[in-house]
Amino acid sequence: MPNSLDKVIQVISKPPKLRQDFEIQTLLPWLRKKSQLFSRLKTDYLKDIVRNCGHVTYEKDEVIIKQGEFGDCFYIILCGKIGIYIINKDKIDDDSDDTNALALVGSRTADGALDRSKLGNYVCPLGPGVPFGEVALMSDDCIRTASIISEEKTDLLMVDRALYNRAVKDVLAREFEEKAAFIKDSPLFSTWAPRYKKQLAMALYKESFPYESALVRQGDPLTNIYFIISGQVEMLTDTSQHVFQYPKVFMDALDENEKFLKKLDRSRPPTDPQYTACVKKKDHTKNTKMCYLAKNESIGEMEVLLDLDTYVQTAICTEKTDVLVLEMKHYERLFTKNTRGL
């Protein structure tokens with residue numbers, strides 16, 4: 001029996017005239033759950049996309065989009081993974097040895113493998129549910145600003161310009177402008193070069209959290225940094241759990257000054273089973289309200305700066321809250337490498 005992905009591919013592989021209303025309707029819940037973009041579209045617009053979109057499949061290491069070419073469609077990843085690469089146009093203009101760099105995108109080595117050294121700077125990977133290629137449709141010249149390579153076998157839903165204009169243009173344009181405005185106005189990125197700001201805008205994605213939902217929970221693995229663009233969250237922490245979350249921090253402190261823990265009448269190190277059993281019995285979970293965070297504030301950056309691998313606090317939305325999400329796998333490249341020396 002085909003799964004939901006197979007059903008979607010089966011339907012959108014048909015000519016538009018053969019796609020039946022009842023089968024289009026059955027796909028909508030899965031598509032809304034799969035993609036943040038689809039979740040924000042009105043039902044009639046989403047139906048229009050499912051009825052008139054295209055479907056394409058790329059094998060590993062195929063060029064989907066080539067930087068510098070004219071763009072007349074955008075894509076949404078159904079399954080698989082793609083990589084974004086950008087050649088610095090400033091370097092091309094200033095260095096005669098690189099004037100043909102764009103022409104070499106997609107070239108192969110002698111053994112037939114994709115020559116990744118000709119692709120430019122690696123920006124980030126993208127996975128299922130994420131749109132890409134829409135930037136060219138938003139610009140006046142419609143020129144592709146990055147190259148897109150399939151990192152594995154990838155199925156894509158393709159939306160041409162006409163369908164984009166009538167179904168998703170307003171939503172995507174607003175979201176990109178919102179990300180660009182946030183980056184422009186944030187002091188955190190004031191020293192970044194324009195090309196790095198653009199790369200950050202491409203790596204960020206928007207998520208919405210309803211009232212009373214947990215944006216992050218204390219003790220969960222540190223996976224994302226969240227930048228609040230609207231709404232408010234309350235920060236809560238159970239300090240008694242920090243000794244179990246970060247035993248090395250407490251052990252280092254104990255090594256430097258044994259009085260640090262003796263003041264709390266805890267003579268055994270945090271890694272001792274008897275010690276932890278005693279503390280668990282003695283301490284009762286109690287969340288302390290720390291503060292409220294709102295627009296232009298972030299969650300997760302403290303843990304990054306302190307090199308902690310789990311969230312220190314729990315963040316509960318006190319109203320509907322929209323955030324821009326930066327996954328940790330992009331942090332090293334965007335915050336460490338690209339800001340060095342700026």
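Colleague: What makes you say that helix α1 lies across β1, β3 and β8?
Modeller: Contact means heavy atoms within 4.5 Å. Helix α1 (residues 4–12) lies across β1, β3 (73–79) and β8, and runs at about 145 degrees to β3. Axes are lines fitted to C-alpha atoms, for helices over the stretch in contact, and the angles run from 0 to 180 degrees between N-to-C directions.

Colleague: What are the ground rules for the model?
Modeller: It is predicted, so local features need pLDDT of at least 70 and side-chain atom pairs count only at pLDDT 80 or more, while totals for chains, interfaces and linings use all residues. Residues are numbered from 1 along each chain as its sequence is written, and side-chain values use heavy atoms, with hydrogens and water left out.

Colleague: How many helices and strands does the protein chain have?
Modeller: It has 15 helices and 16 strands. Both are DSSP runs numbered from the N terminus: helices are H or I with at least four residues, strands are E with at least two.

Colleague: Why are β1 and β6 called edge strands?
Modeller: Two strands pair if DSSP finds at least two bridges between them. The open sheet has 4 strands in the order β1-β8-β3-β6, paired antiparallel. β1 (54–58) and β6 (131–132) each have a single partner strand, so one side of each lacks a neighbour in the sheet.

Colleague: What makes β1 and β8 a pair?
Modeller: 5 bridges join β1 to β8 (residues 154–160), and the two run antiparallel. The definition asks for at least two. In one of these bridges, glycine 54 has methionine 158 of β8 as its partner.

Colleague: How do you know that β3 pairs with β6?
Modeller: They share 2 bridges and run antiparallel. The requirement is at least two, so the pair qualifies. Tyrosine 75 stands opposite phenylalanine 132 in β6. β3 is also joined to β8, by 6 antiparallel bridges. There, phenylalanine 74 is partnered by valine 159.

Colleague: Why is β3 called largely enclosed?
Modeller: Buried means under 20% relative accessible area, exposed over 50%, and partly exposed in between (1.4 Å probe, protein chains only). In β3, 7 of the 7 residues are buried, so the rest of the structure largely encloses this strand.

Colleague: What about β12: which residues point which way?
Modeller: Val233, Met235 and Thr237 point one way, Glu234 and Leu236 the other, and all are buried. In a regular strand the side chains alternate between the two faces of the sheet. With 5 of the 5 residues of β12 (233–237) buried, the strand is largely enclosed.

Colleague: Which strands pair with β12?
Modeller: β13 (residues 288–293) does, antiparallel over 5 bridges. Threonine 237 is partnered there by threonine 288. β15 (residues 314–317) is joined to β12 by 4 bridges, also antiparallel. Here leucine 236 has threonine 314 as its partner.

Colleague: What is the strand order in the sheet that contains β9?
Modeller: The order is β9-β16-β11-β14, an open sheet of 4 strands with antiparallel pairing. β9 (205–209) and β14 (298–299) are its edges, each pairing on one side only. 6 bridges join β11 (residues 224–230) to β16 (residues 321–327). Phenylalanine 227 stands opposite leucine 324. Helix α8 (residues 169–185) lies across β9, β11 and β16, at about 100 degrees to β11.

Colleague: What makes a group of residues a nonpolar core?
Modeller: They must be buried Ala, Val, Leu, Ile, Met, Phe, Trp, Tyr or Cys residues, joined through side-chain atoms within 4.5 Å. The largest such core has 52 residues, and those with the most contacts inside it include Ile64, Ile84 and Phe132. A second, separate core of 29 residues includes Ile12, Leu41, Leu157 and Tyr164.

Colleague: Why is aspartate 115 called buried?
Modeller: Its relative accessible area is 15%. The cut-off is under 20%, so the word applies. Aspartate 115 is found in the loop between α5 (89–94) and β5 (121–126).

Colleague: What makes its link to serine 117 a polar contact?
Modeller: The side chains meet at 2.5 Å. The term needs a pair of N or O atoms within 3.5 Å; within protein, one must be able to donate a hydrogen and the other to accept it, and residues adjacent in sequence count only if both atoms are side-chain atoms.
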